[in-house]
Amino acid sequence: AHVVGADLVLLSCSVTDESDDRVRLAVVDQLDSARIVWSDGTSRALPRDRPTQRVVTLVRAADGWRVG
């Protein structure tokens, strides 16, 4: 069996704090509707995901930005 359609959807993203070397983001995302497909071709919808709120901090490194 394999899962299809489980794409991550970005619902919102905003900067909550920033400096020269850090940025803090408030992010809300949600997995899109997904189905499980069995080897015989039948499929079934998986339970819906609820939006998830996260705080992500990005830190400037010598070669770019990294998740901190």
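Gln30 is buried in this predicted model, with a relative accessible area of 15% (buried means under 20%, exposed over 50% and partly exposed in between, using a 1.4 Å probe and protein chains only). Residues are numbered from 1 along each chain as its sequence is written, and side-chain values use heavy atoms, with hydrogens and water left out. Because the model is predicted, local features need pLDDT of at least 70 and side-chain atom pairs count only at pLDDT 80 or more, while totals for chains, interfaces and linings use all residues.

Gln30 sits in strand S3, residues 22–31; helices (H or I, at least four residues) and strands (E, at least two) are DSSP runs, numbered from the N terminus. Setting aside neighbours within four places in sequence, Gln30 is in contact with Asp7, Leu8, Val9, Leu11, Arg48, Asp49, Arg50 and Pro51, where contact means heavy atoms within 4.5 Å.

One of those partners, Leu8, belongs to strand S2. Leu8 counts as exposed, at 59% relative accessibility. Not counting residues up to four places away in sequence, Leu8 touches Asp29, Gln30 and Leu31. Leu8 and Ser33 are 25 residues apart along the chain, and their C-alpha atoms are separated by 9.5 Å.

Ser14 also lies in strand S2, which covers residues 8–18. Here the relative accessible area is 39%, so Ser14 is partly exposed. With neighbours within four places in sequence left aside, the contacts of Ser14 are Arg24, Leu25 and Ala26. Between Ser14 and Val28 there are 9.3 Å in space, C-alpha to C-alpha, and they are 14 residues apart in sequence.

Now for the sheet. Three strands make up an open sheet in the order S1-S4-S5, with antiparallel pairing; two strands pair if DSSP finds at least two bridges between them. The edges are strand S1 (2–4) and strand S5 (43–45), each of which pairs on one side only. From one strand to the next, the twist averages 25°, with axes taken as lines fitted to C-alpha atoms (for helices, over the stretch in contact) and angles running from 0 to 180 degrees between N-to-C directions. Strand S4, residues 35–37, and S5 pair in the antiparallel sense over three bridges, and Arg35 stands opposite Ala45 in S5.

Then there is a hairpin, formed by S6 and S7 with two residues between them. Strand S6 (residues 52–61) pairs with strand S7 (residues 64–67) over four bridges, in the antiparallel sense. Across this pair, Leu58 stands opposite Val67 in S7.
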